[in-house]
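Dear colleague,

I am handing over the structure below, and I would be glad if you kept it open beside this message while you read. The notes that follow go through a few places in it, one after another.

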Protein chains: 2
Amino acid sequence: MDETVKSAEAITQQCLQHFDVNWLINRAAHGLREAMDAEANAHGTSIRGHIVLTALVQNDGRPYSQLALGHALGVDKTTMTALLDKLERSGLVVRTPDPNDRRARIPVITEAGRELQAKLYDLLKAVEARVLDPLTPEERETLRSLLRKIIPMEHVEGSCM
Amino acid sequence: MDETVKSAEAITQQCLQHFDVNWLINRAAHGLREAMDAEANAHGTSIRGHIVLTALVQNDGRPYSQLALGHALGVDKTTMTALLDKLERSGLVVRTPDPNDRRARIPVITEAGRELQAKLYDLLKAVEARVLDPLTPEERETLRSLLRKIIPMEHVEGSCM
DNA sequence: TATTGTTATACTCTATAACTATA
DNA sequence: TATAGTTATAGAGTATAACAATA
């Protein structure tokens, strides 16, 4: 039991007391996000990659240009380019030319991408369930409800990444 | 009402439904952190700067070396160097030599640092209160309690930044 | 002229390794 | 030989500006 360790705990306690909601919520958010990202990394992609794949799956019938997809997910077009570069290198997505506009390219999910999305979807749900395991179903619903109340409404249409 | 905007909302809804806790908690965490950081930025520092100042104020009697301070706050020594560089440039902290170890330096908060810490402490509490305004006092306590339950315990002694 | 997508550039954060001066 | 602190460097993430092809 050296002094430094005791003080480290003391400072953590202070963080916890003084700005506790900020500290707690960022800790919890970081923990959940890291756990899910680790699962995605283990399968060769990331949470952000999975979000893009999910958007492509769910909008299968209506093809998105890169710009529209970026706008829908709330990210810059240069960020979208970087995300799609990775997904394309992994063979999860291919960029196809837009027949109506030769400037534009339509990202299309591949069969491999579709399979990974489905598998990862279940795995990420399981990670979320594991992290939330200490809460009862009622408590989880309460948490969701409380969080919704404090999310600034003007941002809800913005980024989901 | 163009198609793209409708789809953006649809995708946000999907994020909200499918991984809602991850999405909600990271949204809420980001919102709170950004609001507090904006306040700190407006006064020439950051949340992380304020945390360092707060640690220095609260451990006034027991001087920390940079390494011990970094350990206590859960950050790397190189990160600590960068944080202290900014605080020292702003005149909020001075590095003094450790009389017992000429390799070590003791960061000491200045009078200006002390004043800023106190002012910012109140301002950040006000920001937190403003963000949490939609919640009743009971709901805030419930939120704290639920968040504590899902924070991985092995990390609680770690970083508070 | 304006727009899609890419590239180049820059800025922040973060972490590792190399270095110095002590111990 | 090990440790405190700095610096150099490199990697991710993010944003702006310049550019090529097309509208």
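In what follows, two residues are said to be in contact when they have heavy atoms within 4.5 Å of each other. Please keep in mind that this is a predicted model.

I begin with A:S159, which lies in the segment after α7 of chain A. Leaving aside the neighbours within four places in sequence, A:S159 is in contact with A:L73 and A:G74 of its own chain, and with B:W23 and B:R27 of chain B. A:S159 and A:D76 are 83 residues apart in sequence, yet their C-alpha atoms are 9.9 Å apart in space. Is A:S159 buried, exposed or partly exposed? Since buried means under 20% relative accessible area and exposed means over 50%, A:S159 counts as partly exposed because its relative accessibility is 23%.

Helix α7 of chain A, which covers residues 137-150, has 14 residues and reaches 21 Å from its first C-alpha to its last, close to the 20 Å expected. The buried residues of this helix are A:E139, A:L143, A:R144, A:L146, A:L147 and A:I150, and they pack against α2 of chain A as well as against α2, α6 and α7 of chain B.

The two chains also meet where α2 of chain A (residues 20-42) packs with α7 of chain B (residues 137-150), at an angle of about 35 degrees and with the axes 9 Å apart. This crossing of α2(A) and α7(B) is left-handed. On the side of α2(A), the contact is made by A:D20, A:V21, A:L24, A:I25 and A:A28, while α7(B) contributes B:L143, B:R144, B:L147, B:R148 and B:I150. Sorted by class, the contact has seven nonpolar, no polar and three charged residues.

Finally, helix α5 of chain B, residues 77-89, has 13 residues and reaches 18 Å from first C-alpha to last, close to the 18 Å expected. Which residues of α5(B) are buried? They are B:M80, B:L83, B:L84 and B:L87, and they lie on the same side of α5(B) because they cover an arc of only 95 degrees around the axis. As a general point, an α-helix has 3.6 residues a turn, so residues three or four places apart point the same way. The buried residues of α5(B) pack against α3, α4, β1 and β2 of chain B, whereas on the other side B:T78, B:K86 and B:R89 are exposed. Just after α5(B), B:G91 takes a positive phi of about 75 degrees.

Technical notes. Residues are numbered from 1 along each chain as its sequence is written. Chains are lettered from A and ligands numbered from 1 in the order in which they are written. This is a predicted model: local features need pLDDT of at least 70, side-chain atom pairs count only at pLDDT 80 or more; totals for chains, interfaces and linings use all residues. Side-chain values use heavy atoms; hydrogens and water are left out. Helices (H or I, at least four residues) and strands (E, at least two) are DSSP runs, numbered from the N terminus. The expected span of a helix is 1.5 Å times one less than its number of residues. Buried means under 20% relative accessible area, exposed over 50%, partly exposed in between (1.4 Å probe, protein chains only). The arc is that of the directions from the helix axis to the C-beta atoms. Axes are lines fitted to C-alpha atoms, for helices over the stretch in contact, and angles run from 0 to 180 degrees between N-to-C directions. A crossing is left-handed if the near helix is turned anticlockwise from the far one by less than a right angle, and right-handed if clockwise. Ala, Val, Leu, Ile, Met, Phe, Trp, Tyr, Cys and Pro count as nonpolar, Asp, Glu, Lys and Arg as charged, and the others, Gly among them, as polar.
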